[in-house]
Amino acid sequence: MIKMLLEEELFKEVKFLRDEKKFLILLDIVGVDYLTNPSKNSSRFALIYHFRHENFKDTITLKLNITDEKEGVESITSLFKGANWLEREVYDQYGINFKNHPLLKRVLNHNEFIGHPLRKDYEITKGHYCTQTQDMMDELKPLLNERELDMDNLTILNLGPSHPASHGTIRTLVALDGEKILCGASEIGYLHRGFEKSCENHTYNQIVPYTDRLNYCSAIMNNIAFVKTVEDMLDITLPDRGVFIRVIVSELSRIIDHLVCLAAALLDMGAQTNYWYLFNPRGEAYDFLSKLTGARLTNSYMRVGGITHDLYDGWETDLNDVIKSVQKGVDESLLMIEHNRIFHDRTQDVGVISADDALNFGFSGPNLRACGVSHDLRFDTPYDYYDTFDFNLVVGSHGDVYDRLMVRFEEIKESIKIINQAKKSIPDGPISVSDHSIILPTKKNVYSSIEGVMNQFKLVTEGVKVPKGEHYKGFEAANGELGFSIISDGSGTPYRVKVRAPSFLHMQAYPKIIESYQIGDAIMALSSMNIIAGEMDR
Amino acid sequence: MDTAFIIETIVKIVVILLIFSALAGIGTYFERKILAFMQRRLGPMYVGPFGLLQVAADGVKLFTKEDIIPTGVVAKIFKIAPVITAATAFMAAAAIPFLPTFTVFGYTVHPIVADINVGVLYVLGVMAIGLYGPLLGGLASANKFALISTARAASVFISYEVITGLSLLAPLMMVGSFSLIDFNNYQVDNGWLLFSQPLAFILFWIAAFAETGRTPFHLVANDHELIDGFGTEYSGMRWGLFFIGEYANMFFISFVMALLFCGGFGDGSVAGALALLGKVAFFFFVFLWVRAAWPDIRPDQLMWLCWKVLMPLAVINIVITGFVMMF
């Protein structure tokens, strides 16, 4: 459901939606520049807000045209904490102002960056050097003043961007009293590589390899989330075999993602053996994926309307071996920590976030479920026959490090259940749609007929033509709701692609989560949230 | 003092230095191999047969690396700190009888540099001075992570000195001497102190983990939280000296535990000597085993353990021992 709004109505409408209609999750804020769009929007800039209802099934979309980007619109940060960075991102990429925003500055691009790169008139070939790091005092000082703390008596310490256990490149500046963190502020964007801008210059299928690099721990799920959004716009569904293959590989990717998170988190508290018990099966899973897709990490296994190729002969035995060793690794790892007092002391009631806060920050996936919120898109809005599989929704209770890790352990077991069922009931038949305006013709066809050559040529050079429209689709990826907003102008390349990356919203809460805990706890909190800088910074 | 004694002592010192420097290196090889096998991987494999020469390769690397003294550090203290760690570790070895007295070609060898009558106090005291390595190195480094590590070092080492001291008091009361050789002889007559003083043994063992900075008390140079703590700014052989000090300490504390609580070398026969080495190897192995099995605890939890659990237990142990001896 899309609702058009006037700029001045926004704040009131969002407040109404949140308080009266119970749309409790802010999914995403998408900025759009209609400068070169043939549909001739009434104003150049527009903002699109996506919300999700308390029942997790319904979403609502608000859209408003921006008459004057310098004047901008009212910030909704006071209603949704998660809006803070989302609004900063829109400001960063489009230069749209948000009134009453606590600190409107760049978030993904460098602070010395000139211009707003996602504007359509931004020259992508132009580059310039940025040399100065920001001292972050503009964020830390207000926090210190709020708490009436004197900076001279505290240690100001950079956790990251390189090591102190920031998986990926994330910087958190913390004010310490002894080892206790009094407050902190995070800086991201170290891995920003203009994914969304690149999308605007590539055909839909060319974007698939880029999506691999979002959450590189579960690359195939990003592929699927992206192509499913495009398929929705094309109004096509895959033949059953294709859907089942997607279920199998995406659940395997979920397992890999959770294994990486758990292994790294346990290693961060010195549980080295667990790391190897969990990482070895991950290696075997990657062996299977490389045999299947030709690549270990960045698989690019999906295409709009289908899959690159079918499963190979004997895949079942290979997959069985992988599942068995994952099961063994998880069991052995759990054996070592499940009743370990040290593990409990290090993780329980550490890095706690309440369910309300988590929803307000826009949490999703295992991190939200750890807080005791039973939200999983595979249950709430079942897709890909997920409603026909017998598996459980895993929820925690406290929202601490322990819950976040244990939810992932249990989810691995649930994913194994799904794979085992899908493996048994996978049908024969085609894996891709048969529409040749979407899927490449067979090689035999290309080499033997002129129609085949033409078909191949047109599809490769122009890309899949997606009908005009604006679409948002959420997908339950390993880290949470991975959503793609795609705006098509009817051509072979998208007009605008926006990723709702779960890690972006999770990371925003991190400085709050680690407050009043110790350095060691902060490191555990970060690794238990599985922040993937690839999707966060895009 | 006659010349022969001086020469003999110097020879002993050189032999001990060489053996334990080498052992520190080989210790890392065993650590890597044992951990690897516990974690279903191979460990070092490529340098020499079964990766045995890995130790040599690491040594060559450490020796030939550039010795970087960063700007902003207090250079003199920064340079001397690793030497303190390594030196105190080896100085502690002076009062440890590594083997029973034996005779070669009619010449009686005492494999102890100095059998002083306060041997136990000396060993523990000198090991405690090792604290100055991390303390000075961290403070001189001009690095905040090193500083935090130093704070941890000071609190952990000093707190656990208390546990080591108190836990040893009860056995000391029973033996009535500070000499490690007297400890050994006492156990030949009265059975292992491990059985008559189990609590003291466990307390001492736990404290040994804290004193050597091993998992689960691997906090001072915790790689995941503090990079390498006080060693962050160090490179080359200066860092290597910290490393050798740490491993030498592990060996020496294993010797001390075997001598104080587990019968030492017994009656001094060849079997007794071998048994001593076996016990030392066992304690060293447990250091590695624990590292493979457990995560690390947090500094505040370590303090809680020290002052609220271990220290009261140690005091109770002393009181009970005192009463038992009195009546």
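Predicted model: local features only at pLDDT ≥ 70, side-chain atom pairs only at ≥ 80, totals over all residues.
Stop 1: Select residues 2-99 of chain A, which form domain 1, and then residues 195-537, which form domain 2. The C-alpha centres of these two domains lie 27 Å apart. Across the boundary, 33 residues of domain 1 are in contact with 27 residues of domain 2. Together the two domains of chain A bury about 2,600 Å² between them, and 56% of that area is on carbon and sulfur atoms. Next, highlight F56(A), K81(A) and W85(A): these residues supply 26% of the area that domain 1 buries against domain 2, more than any other three residues.

**Stop 2: polar links across the boundary.** Between domain 1 and domain 2 of chain A there are five salt bridges. The boundary also has 17 residue pairs in polar contact. On the side of domain 1 that touches domain 2, β2 (25-33), β3 (45-52) and α2 (83-94) of chain A each supply at least two residues. The largest share, nine residues, comes from β2(A). That side of domain 1 divides into 18 nonpolar, seven polar and eight charged residues. To view a salt bridge, select D28(A) and K498(A), whose closest N and O atoms are 3.1 Å apart.

Stop 3: Side chains of opposite charge can pair when their charged atoms come close. Select E481(A) and R52(A), which form a salt bridge with the closest N and O atoms 2.7 Å apart. E481(A) is in strand β13 (residues 480-488) and R52(A) is in strand β3, 429 residues apart in the chain. Are these residues buried or exposed? E481(A) is buried, because its relative accessible area is 1%. R52(A) also counts as buried, at 4% relative accessibility.

**Stop 4: a second pair in chain A.** Move to K228(A) and D384(A), which form a salt bridge with the closest N and O atoms 2.8 Å apart. K228(A) lies in helix α6 (residues 219-234), and D384(A) lies in the loop between α13 (377-380) and α14 (401-425). K228(A) counts as buried at 10% relative accessibility, and D384(A) is buried with a relative accessible area of 13%.

**Stop 5: chain B.** Select D58(B) and R32(B), whose side chains meet in a salt bridge of 3.1 Å, N to O. D58(B) belongs to helix α2 (residues 54-64) and R32(B) to helix α1 (residues 3-38) of chain B. D58(B) counts as partly exposed at 24% relative accessibility, and R32(B) is partly exposed with a relative accessible area of 34%.

Note on methods. Residues numbered from 1 in each chain as written. Chains lettered and ligands numbered in written order. Heavy atoms only, no water. Domains from an automatic or database assignment. Contact = heavy atoms within 4.5 Å. Buried area = accessible area lost by both parts, 1.4 Å probe. Salt bridge = Lys/Arg side-chain N within 4 Å of Asp/Glu carboxyl O. Polar contact = N/O pair within 3.5 Å; in protein donor to acceptor, adjacent residues only side chain to side chain. Helix = DSSP H or I, 4+ residues; strand = E, 2+ residues; numbered from the N terminus. Nonpolar A, V, L, I, M, F, W, Y, C, P; charged D, E, K, R; others polar. Buried < 20%, exposed > 50% of the residue type's maximum accessible area, 1.4 Å probe, protein only.
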